[in-house]
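Dear colleague,

My notes on its strands and the helices packed against them follow.

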Amino acid sequence: MLYSEKVMDHFTNPRNVGELPDADGVGEVGNAKCGDIMKMFIKVENGVITDCKFKTFGCGAAVATSSMATELIIGKKIEDALKLTNKAVVEALDGLPPVKVHCSVLAEQAIKSAIADYYTRQGIDPTPIVGEIGDCEACHV
């Protein structure tokens with residue numbers, strides 16, 4: 001399996017690893033069955049994601065997609081972060097092997113889950129804004 005230089009870089013030197021103890025939103029997605037679990041923490045000020053950290057238990061591609069996803073949303077307005085697709089994460093990493101694309105889906109879902117948690121904490125129903133966050137398709141084995 002061949003990984004791009006960017007995937008290898010984000011795997012060996014992941015950005016924004018850790019937790020935000022005072023996070024405004026926390027999202028966890030994944031499944032122990034498929035082996036990839038992602039937890040995202042976001043800090044929000046005036047509708048902008050000012051910080052994002054992640055903890056990922058999984059393969060190299062899961063770590064790399066988590067790392068890249070955090071870089072892509074820090075400094076973005078919530079509504080722009082919600083537009084981040086797994087395809088954009090894959091493109092930013094210069095591609096992923098087909099069997100690892102589900103990792104980018106998890107990264108997208110982890111961000112949406114953290115944003116949904118942020119809205120819930122604000123007393124706002126997140127579903128009309130964020131949509132349904134489904135299970136990872138790879139987990140339905």
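M40 stands opposite F54 in β3, and K39 is likewise placed opposite K55 of that strand. Please bear in mind that this is a predicted model. The two strands concerned, β2 (residues 36-45) and β3, run antiparallel and are joined by nine bridges. In their hairpin, two residues lie between the strands, and N46 adopts a positive phi near 50 degrees.

On the other pairing, β1 and β2 are also antiparallel, with seven bridges between them. Here F41 in β2 is the bridge partner of V26. The hairpin of β1 and β2 has four residues between the strands, and G35 takes a positive phi near 90 degrees there.

Taken together, the three strands make an open antiparallel sheet in the order β1-β2-β3. Its edge strands are β1 (25-31) and β3 (48-57), each of which pairs on one side only. On average, neighbouring strands are turned by 15 degrees against each other, direction ignored.

Two helices deserve mention. Helix α2 (residues 60-73) lies across β2 and β3, and runs at about 175 degrees to β3. Helix α5 (residues 101-121) packs on the sheet and touches β1, β2 and β3, with its direction at about 145 degrees to that of β1.

How many of the 10 residues of β2 are buried? Seven are, taking buried as under 20% relative accessible area, so β2 is largely enclosed by the rest of the structure.

With kind regards

Technical notes: Residues numbered from 1 in each chain as written. Predicted model: local features only at pLDDT ≥ 70, side-chain atom pairs only at ≥ 80, totals over all residues. Heavy atoms only, no water. Pairing = 2+ DSSP bridges. Axes fitted to C-alpha atoms, helices over the stretch in contact; angles between N-to-C directions. Contact = heavy atoms within 4.5 Å. Buried < 20%, exposed > 50% of the residue type's maximum accessible area, 1.4 Å probe, protein only.
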